[in-house]
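Have a look at the structure first.

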Amino acid sequence: MKKNSIWKDAFKTLSKDKWAMISLGIVLIYSLIALLSATGLIAADWAQEVGTSNLPPSAEHFFGTDIFGRSVLTKVIRGTQVAMSVGLATSLIAIPIGVILGALAGYFGGWVDDIITWLYTTFSSIPNIMLLISITMILGKGLFAIYVALGATSWVTLCRLIRGEVMKHKEREYVQAATAIGGGHMRKLFLHILPNVSHIVIINTSLQFQIAIKSEVILSYLGLGVQGEPSWGTMIDDAKLELARGVWWQLAGATIAMFLVVLAFNLLGDALRDALDPKLKGK
Amino acid sequence: MKSLVLLFYGILFLSWGCSKDRNFDERELHLISPEAIAGFDPIHASDMYSGNEMGKVYEGLFEFHPLKRPYELMPNLAESLPEVSADGLTYTFKFKKGVQFHDSPAFKDGKGRELKSDDILYSLKRLADPKLQAKGWWLFDDKIIGLNEWKDKNAPLEATNYDEEIEGLKKIDDYTLIIKLKKPYPQFLYALAMPYSFIVAKEAVDHFGKEFLNHPVGTGPFILPVFEQSNRIVYTKNPNFREKFYPSEGEEGDDKLGLLADAGKKIPMVDKIIVDIVVQSQPKWLSFQKAKADLLEIPKDNFDQAVIGGKELSEELKGKGIRLFANPQLDTTFFAFNHDDPLFKNKKLRQAMSMAWNREEANKLFYNSAALEAQSVIPPGLGGYRKDFKNPYVKFDVGQSKKLLAEAGFPNGKGLPFITVQTRNETVARQVIEHFAKNLSKVGIKIKVGMNTWPELVNKVTKRQHQMYTMGWGADYPDAENFLGLLYCPNSSPGSNGSNYCNPNFDNLFKTATILQESPERNALYEKMNEMIANESPWIFGFHRTKFYLSQAWLKNYKFMEFNHSQFQYLNVDLEVKKELSKKF
């Protein structure tokens, strides 16, 4: 009997899950919007005035206008680009750090493990937002600083998970078999073990993505984030005062946009875990 | 949607905590301060929020009359205004007898002792103590004979020697003091009325050491045994406060406003002052609505709700007996260039930038059109301000701006780098720059926003690490020197001239004018300097703001005061009215 690979199986499980597919769709739409905005095809003119100050939503201005008469919809789109880019860049920084450190610690154990464990426990003992604030203080403010700050702080969970998983796998028969035929450490670790724990990376990325998006919004709300570009965080910051005038559309636009993508990533992450984690099979 | 908005308010409101039910037995004054303060050491009272808190427990030699306008200095701890020698250099001060410090474990038996000349000498010397790095040192720097020398001499020593006599600070007896100045200093008495110069007791400083800033021991009308960093400060009436009375005369019309009803009564009249520290504007607004605050500066976004048509109080608020006060401020807001940057040596560029900014629109967006466009640095209400003077470079004129920009060598902004404007990390502060950037982009100038915490911003300005920044300056005392000094070359960073602007002609006039006593001659010089500055555009001038306050019906004797740190002792609460009106809240 031919057995399907874990990936094929996972895809099959996933495609049966309606909510997971909707979430995936939402994530793809957001990615597409971000991509189009980044290439300047849409929302390039976000700084343009399209009407007078604080116009309520209408057929002409779908989400209304902000204090300077700019379209809130365009700002939400531009904010999507910022948020998605933060999620992506953070993952690109955090995944290699988390995977490599976790794999090394789990595989070699001993003093290597001690050092790496010390490093990530120290990191995780510092309140996240404090660490983020101090990193943005050092690097100066802006998108780049956010990428680095979030990337440098969000590898810990992944590292811990990979470490545990690698520890488990290094005792397995297939690894022992690789040792028996003379495989070196690096070969065993990167060619044999890692592919078998890579589902963790995928699940984790999906969850990490939305944490990065939320952190960006919080930092921008606090004024430590993106400067001179629309961000959902700065939009909510604006809205905080405008609400008193009854201007709710900026808050609504930013929070709905954020709510959808965060929820989608969460549902997707859960579904991925259900599909990819063998232990949860057949629950 | 309204209910959603209300829900949002509700959450905000809950998040800063609820207070007890109203108290109708004691006269409690409920105030809101928008910023947390660092502590109670007067020599560091550089911002008005700290000054306002310290003014409740500490006192200075002089204070501003709570009712008279223009502002008039009156003796407080001093017995009378000092005798001044003909050359304006020697001041003889006499002090009130029987002024007691608050009871404190710092004193023998825990009983407060009488204030004497030594305390005044000590407090002034503390400002110069090199170990303390007092923020208020600039007030007396190079002013009093021997004080700078004393400061320098003590810098390398392990402990500052306070016992050494200084030529310019001479004690005659326990209640008399002579201060000798190096050169005329017409603002000297104003300096002695500022929170920096409040009088402290040496025993308290020694006893509490580093903790002194949390244990204010003054002579003031209220006591605060321990200051804890929290969101609420509660002061109680000082039972041993000397005989001090509510003034019996004020400005014309004060009588009609009921401001003289308490004339001759002993102050303070309230038993307690409760100050809640509330940073966000919506919770502030809500707590006033719930009668949990007696006085409120109207947050800009609630303005339309409170003040109909920009003039009249809304019926709802009127029905609760709430009163509206519109108070033009002695302040100037500005965008400052860093003149260290060769780019900004180009006068035409500065002028072009100034003319590209639509101030009328900014006024509407940020100040509900109630601010006055600044023509130059001096605000109305001070000598040197001329109502009919118009600065041609603050006019909004895109065409002219483009022309000047081309003449400056940057046609349509070509060749100009991104210019970063630093500001405070606050929503409206950011929006102001975004508006400025939006305007300037229309002539081709690209502006970026730089957001900073308040200490970060001050640090950048002090260390000259900025291209441009924006701020407002409020008067420390009613003399235009306080504003013109912001552009005086020797005051460059780390001094108050954060733009590092240097203009020898201006500096010469400044030197001549500031040693003159108030006179038409001095005002003429101030006017000349003000116009010179307008022409040179070393800053982009913003606004002279008007603040709008609401007061509850039961708050008595409130009159707007620019230098309000000593004002709280004169306020009163009408419990009958409060009881009656509280039903409406």
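Which residue stands opposite B:Ile273 of β10(B)? B:Tyr235 does.

## Ground rules

This is a predicted model, where local features need pLDDT of at least 70 and side-chain atom pairs count only at pLDDT 80 or more, while totals for chains, interfaces and linings use all residues. Residues are numbered from 1 along each chain as its sequence is written, and chains are lettered from A, ligands numbered from 1, in the order in which they are written.

## Strands around β10 of chain B

Strand β10(B) covers residues 272–277 and runs parallel to β1 (residues 28–33) of chain B, with 6 bridges joining them. Strands here are DSSP E runs of at least two residues, helices H or I runs of at least four, both numbered from the N terminus; pairing takes at least two DSSP bridges.

## Chain A

Chain A has 11 helices and 0 strands. Its C-alpha atoms fill a box of roughly 75 × 50 × 30 Å along the principal axes. Of its 283 residues, 44% are buried (20 or more other C-beta atoms within 10 Å of the residue's own, C-beta atoms being placed from the backbone).

## Where the chains meet

On the chain B side, 24 residues are in contact with 18 of chain A (C-beta atoms, placed from the backbone, within 7 Å). Helix α13(B) gives the most to that side of chain B, with 6 residues.

Conventions: A residue is buried if 20 or more other C-beta atoms lie within 10 Å of its own, exposed if 12 or fewer, and partly exposed in between; C-beta atoms are placed from the backbone. Two residues are in contact if their C-beta atoms, placed from the backbone, lie within 7 Å.
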